[in-house]
Amino acid sequence: MPSSAPPGGGGDERDLPVATTIDLHTHSTASDGLYSPTELVELAQEAGLTTIGLVDHDTTNGLDEAIEAGRELGVTVIPGIEINTDLPHGQGDAHMLGYFVEYGRPAFQRSLQMLRDARERRAERMVERLRAQGLDVTWERVREIAQGTVGRPHIARALIEKGYASDVSDAFDRYLSRGKPAYIPRYKLAPEDAVRLIKSARGVPVLAHPANIPHLGDELLPALLHAGLQGLECYYGEYDELTVERLLRLAGTFGLIPTGGSDYHGPNMHPTPLGGRYVPEDSLDRLRRTGEFNHKLPALDFTLPEPTL
Ligand code: AMP
Ligand code: FE
Ligand code: FE
Ligand code: ZN
């Protein structure tokens with residue numbers, strides 16, 4: 001079955017590919033995407049999408065522009081966020097998406113600012129490490145490349161410019177991934193706290209690209225459900241149909257909304273093109289209804305713990 005067809009075949013023997021109109025996982029220059037919010041929305045319209053979720057890392061600064069461009073071009077932009085967190089016992093990381101966040105809330109913005117400040121310090125230290133190893137990359141250049149939230153992808157681009165890596169994944173493999181010479185750990189954030197942070201802005205928390213997370217069904221999901229998790233990203237860009245089916249079963253077991261998208265950052269970052277993964281209309285309906293429901297509840301009071309970096 002082509003990856004653009006809905007899982008399960010939907011009873012259509014002819015197995016016709018279904019046009020994708022929804023992509024709930026995209027990034028812009030507000031974080032580590034290559035296209036501005038307006039350009040991203042233009043590309044979405046060209047790809048025939050009616051709805052995108054913009055989920056920049058630790059920032060909502062691209063949302064107003066994207067929503068405005070979407071209004072003009074007939075693309076609905078769902079306000080979102082992606083927050084990277086750490087699993088316990090060095091088991092790697094987990095990314096938390098938040099949809100329909102009320103991003104104007106001052107306390108929410110203060111928390112995001114704190115996460116971005118921690119990113120700046122981390123990226124600066126990573127550049128120091130690279131320089132200590134004799135590589136000619138500068139913090140000034142990395143800051144120039146990053147128009148918004150700074151991240152390892154921007155350091156990667158600075159390395160590529162100087163010929164130290166052939167592309168972004170090469171830069172990660174050589175220098176930037178966990179265990180590699182320039183790696184510095186992130187501000188430690190528990191996935192539960194990312195769920196609470198999203199809930200504090202009455203958003204819908206969704207665990208991103210979860211296929212490789214150890215003990216997903218027996219440990220993490222029960223703990224996150226307790227904290228308020230409401231969705232699981234099942235239809236993720238690179239996942240094969242078996243993986244999607246496995247995640248859909250987990251979402252069913254835990255009553256989570258199955259969401260999905262490409263994780264589009266622009267060319268040469270992630271392999272899936274914008275709108276390159278089928279996401280059913282029903283996912284969007286459930287997400288929207290849950291967002292509306294959350295907005296009827298009082299916002300949870302929550303402040304992030306201070307960084308120790
Ligand atoms: P950071 O948020 O600074 O820790 O950087 C993590 C981001 O870098 C992820 O959200 C991805 O967009 C990107 N990334 C992580 N690992 C890789 C990799 N191996 N190749 C390309 N991009 C990556
Ligand atoms: Fe990213
Ligand atoms: Fe992610
Ligand atoms: Zn992402």
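Guide: Donors are N, O and S atoms within 2.8 Å of the metal. In this predicted model, the donors of the iron ion (ligand 2) follow the spacing D-x24-H-x207-H along the chain.

Visitor: Which residues coordinate the iron ion (ligand 2), and what makes their atoms donors?

Guide: The coordinating residues are Asp 32 (OD), His 57 (NE2) and His 265 (NE2), at 2.1 to 2.2 Å. A donor is an N, O or S atom within 2.8 Å of the metal, so these atoms qualify.

Visitor: Why is the site of the iron ion (ligand 2) called tetrahedral?

Guide: The site has four donor atoms, with angles of 92 to 135 degrees among them. For comparison, the ideal angle for four tetrahedral donors is 109.5 degrees.

Visitor: Where do Asp 32 and His 57 lie, and what does the pair tie together?

Guide: Asp 32 belongs to the loop between strand 1 and helix 1, and His 57 to the loop between strand 2 and helix 2 (63-73), so the pair ties together parts that are 25 residues apart in sequence. Asp 32 and His 57 are both buried.

Visitor: Which residues coordinate the iron ion (ligand 3), and how do you know that their atoms are donors?

Guide: The iron ion (ligand 3) is coordinated by Glu 82 (OE), His 95 (ND1) and His 209 (NE2), at 2.0 to 2.3 Å. The limit for donors is 2.8 Å from the metal, so these atoms are donors. Along the chain, their spacing is E-x12-H-x113-H. Glu 82 in strand 3 (residues 76-86) and His 95 in strand 4 (residues 93-99) are 13 residues apart, and this pair links distant parts of the chain. The iron ion (ligand 3) and the iron ion (ligand 2) are separated by 5.8 Å.

Visitor: Why are Glu 82 and His 95 called buried?

Guide: Buried means under 20% relative accessible area. Glu 82 has 1% and is therefore buried. His 95 has 14% and is therefore buried as well.

Visitor: How do you know that strand 1 and strand 2 pair?

Guide: Two strands pair if DSSP finds at least two bridges between them. Strand 1 (residues 22-26) and strand 2 have three bridges in the parallel sense, so they meet the condition. One bridge partner is Ile 52 in strand 2, which stands across from Asp 23. Strand 2 is also joined to strand 3, in parallel, by four bridges, and the bridge partner of Gly 53 in strand 3 is Ile 78.

Visitor: What makes strand 1, helix 1 and strand 2 a right-handed unit?

Guide: A crossover is right-handed if, with the strands pointing away from the viewer, the path from the first strand over the helix to the second runs clockwise. Strand 1, helix 1 (residues 37-46) and strand 2 form a β-α-β unit of this right-handed kind. Another right-handed β-α-β unit consists of strand 5, helix 8 (residues 216-227) and strand 6.

Visitor: What is known of the faces of strand 5 and of its partners?

Guide: Both faces of strand 5 (residues 204-207) are covered, with Val 204 and Val 206 buried on one side and Pro 205 and Leu 207 buried on the other. Strand 5 runs antiparallel to strand 4, with four bridges, and Gly 98 stands opposite Pro 205. Strand 5 runs parallel to strand 6 (residues 231-236), with two bridges, and Leu 207 stands opposite Leu 232.

Visitor: Why does Leu 284 count as buried, and which residues are in contact with it?

Guide: Leu 284 lies in helix 10 (residues 281-294). Its relative accessibility is 4%, under the limit of 20%, and therefore Leu 284 counts as buried. Leaving aside neighbours within four places in sequence, Leu 284 is in contact with Ile 22, Leu 24, Thr 51 and Ile 78.

Visitor: How do you know that the radius of gyration of the chain agrees with that of a compact globule?

Guide: For 309 residues, a compact globule would have a radius of gyration near 19 Å, and the chain has 19 Å, so the two agree. The chain holds 10 helices and seven strands, and 55% of its 309 residues count as buried.

Technical notes
Residues numbered from 1 in each chain as written. Chains lettered and ligands numbered in written order. Predicted model: local features only at pLDDT ≥ 70, side-chain atom pairs only at ≥ 80, totals over all residues. Heavy atoms only, no water. Donors = N, O, S within 2.8 Å, 3.2 Å for Na, K, Ca; no water. Buried < 20%, exposed > 50% of the residue type's maximum accessible area, 1.4 Å probe, protein only. Tetrahedral: all angles 85-135°; square planar, octahedral: opposite > 155°, others 65-115°. Rg over C-alpha atoms; globule rule 2.2 N^0.38 Å. Contact = heavy atoms within 4.5 Å.
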